[in-house]
Amino acid sequence: MNCASFVQTEGLTKVYSSGKIQLCALKNVNLTLAEGKFLGVTGPSGSGKSTLVNLLGGLDTPSSGRIKVQGRDICELNKEELAIYRRYQVGMIFQSFNLIPSYTALENVAFPLLFAGVAKRERNQRAAEMLTRVGLYPRKDHRPAELSGGEQQRAAIARALVNQPKILLADEPTGNLDSITAKEIVKTLADLNRNQGVTVIMISHEELLLQEFAHEVIRLRDGEIVDREKLR
Amino acid sequence: MRMSDYIEQSFSNLARRKLRTFLTTFGVVIGIGALVSMFAFGQGVQKNMTDKFKELELFNCVNVFPPTMQEQSQPKPALSPSAALRVNSVEGTKEEPQQAPVLDDDLIQRIGKIEGVESAFAEIRFPAMVRLREKERFSLVQVLPADVCQSGLSKLLAAGEPYASDDANSLIISDSLLHGMKIKDAKTVIGEQVELSTLRFDPNLLSPAAIASIMRGDEIPFSRESYTFTIVGVAERMGFGGSMPVRSDVFIPPGPSEKMKKISLTSIWDFFSAAAGPGQAKGYSMVTVKLSSAKYVQPVKQQIEDWGFKTFALIDGLKEIKRAFIFMDMFLFAVAMIAITVASLGIINTMVMSILERYKEIGIMKAVGAGDRDVKKIFFFESGVIGFLGGIFGLALGWAVGVVINQVANYFLAKQGVPYTDYFSFPWWLCLGAVAFSIVVSLAAGIYPTLRAARVDPVVALRHD
């Protein structure tokens, strides 16, 4: 496998249909990302950023084009294979954290391991390790409502990484956070990228954060890549 | 996902909405409770009947009728007494011994010699007023030979013992008749004198003048005779009454019976038999043959039929009885199914509500690696857990209902001298079947919500608030 094309899209297009109206969210997006890189994705609302992340995360399927991850075309996977891909290959974090309100931080982090068939004791052990890594272990028994926005997002990061995926997809992870916390979160992602070699693709409106931590930034407008910037 | 995780997840997810889970499960509990109690009642009735038949050895009995008796017992009782007399006398003139064999003592002796026959006796029942301790009750009296009384009835005696000989001036009275006379302690009546007053149809009173008198209400064509007996035993329940499950409350030996003037009730024709002229063959209207084992039923029946008589064995009717029980079970099942159907709708409603509430959670599940199959199983197990809990508690409810009804019924029936009976039967297959059925119904109810949960689009669900 070529490390230079760890994640690759070819002619990626997504069209949403609503009755007779068709909306093209992504148009012919060609993207290549090497392993261990931190890619920033920015652009105005409706430019197709979230659609791109959802397609890369296997949550959605493209209308046309290809997505190759580690050389394998994930567009050819069936539903169950896509679930396995999401379980082991990618971790996702969201603007609204998407933690389960009735679960504690530990239970939320351990949740993906449930679908991996990991025994309960090991699930809790690995979740505790991840919470320690993101500095949230002392808050492990708290429910999301009892955590701050930053803490919730760190719990979400721990959950995304608990299955040790190679790719971390972050859909505006700082959108609901204040600037100081936002910077801490992006720094956490950058540390994971640098120290553990996790490939990070992060959507953000905050150019300054991307400039500070990302290796490369792409800018989308109306579903197309309009600019690429290599930063380091 | 592991099986243990599915179960744990199901319980914890249902525990999140305790009241709703309780109400939904309660619906299933009511349905299964109704099903269990109704089936248990059906089983109880069936078990009681077959057990009682076995206990009374009714399956080892063959009834023998004269050939004409079968024809006469066809439904034509609307004849006036005078018309009936005419028919009887016409038949009497035609009768020839070879063509119409008679059920008499000779035949009873012949039957007694057939292999497998324990005893054979004429079935004689007659109505009488029973007078004891200044109280009088109407009852059916049955004539039972001493040996049959000793072998068949002795097991059912609450007090005393069977009469010793066929000529003893003794009788056995049932506990229920004593209860009817407000006598609670059966033992106290042993040795007491009891008076039986029989009614006898007097054909002489059917002269035109007498009929005119009857029409005016001045006179009835019956005369009353009284006989005194000593009580030697008290039967705790319906005694051995041959293969006809007719309840008799008083049993007397054949000796004194022969001396009594009475109306036999085995057949409507006996009512008029007193009118038979001299020389007319009368015989008994029915003879009961008791066998040592049910295996002799067919050969003995065959032998007796070869002699020109009609026979009936209750064991032949067993298939019909079982078929009747199946219909009863089906009816009870249909009633219980209404409750189960309502409970199923409750499960569907609860599960659909749960999916709507956990819409985003389903999206999260899928985002972190759950497949459609995992989501389906999670919701399917939740339905199954509702069914399991509903089945267990429904079984408990059905059992409790059975116990309460049983106690109440026995409390009231005990006052009438009916011994304690379990009207509900809970065989193991009913208990296991009820829980399994509850789970299956709940899983079936969970199919639609489960498919709906699996179809949730994670992209849409994750945006959902």
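Me: Which residues of H2(A) are buried in this predicted model?
Reply: The model is predicted. A residue counts as buried when 20 or more other C-beta atoms lie within 10 Å of its own. In H2(A), that holds for Leu82(A), Ala83(A), Arg86(A) and Arg87(A).

Me: Within what arc do the buried residues of H2(A) fall, seen down the axis?
Reply: An α-helix has 3.6 residues a turn, so residues three or four places apart point the same way. The buried residues of H2(A) line one face of the helix, because their arc spans 145 degrees.

Me: What covers the buried residues of H2(A)?
Reply: Both chains take part in the cover. Chain A brings S6 and H3. From chain B, the cover includes helix H12 (359-367).

Me: Which element gives the largest share of the side of chain A that touches chain B?
Reply: The contact takes 21 residues from chain A and 17 residues from chain B. On chain A, helix H2 (79-88), strand S6 (90-94) and helix H3 (105-115) each supply at least two residues. The largest share is five residues, and it comes from H2(A).

Me: How many residues of the side of chain A that touches chain B are charged?
Reply: That side holds 10 nonpolar residues and five polar ones. The charged residues number six.

Me: Which strands stand at the edges of the open sheet in chain A?
Reply: Four strands form this sheet, in the order S2-S1-S4-S5, with antiparallel pairing. An edge strand has a single partner, so one side of it is left without a neighbour in the sheet. The edge strands are S2 (21-33) and S5 (72-73) of chain A.

Me: Which residue in S2(A) does Lys14(A) stand opposite?
Reply: Strand S1 (residues 7-18) of chain A pairs with S2(A) over nine bridges, in the antiparallel sense. Opposite Lys14(A) stands Leu26(A).

Me: What share of the residues of chain B count as buried?
Reply: Chain B has 15 helices and 11 strands. Its length is 465 residues. The buried share is 38%.

Conventions
Residues numbered from 1 in each chain as written. Chains lettered and ligands numbered in written order. Predicted model: local features only at pLDDT ≥ 70, side-chain atom pairs only at ≥ 80, totals over all residues. Contact = placed C-beta atoms within 7 Å. Nonpolar A, V, L, I, M, F, W, Y, C, P; charged D, E, K, R; others polar. Buried ≥ 20, exposed ≤ 12 C-beta atoms within 10 Å, placed from the backbone. Arc of directions from axis to C-beta. Pairing = 2+ DSSP bridges.
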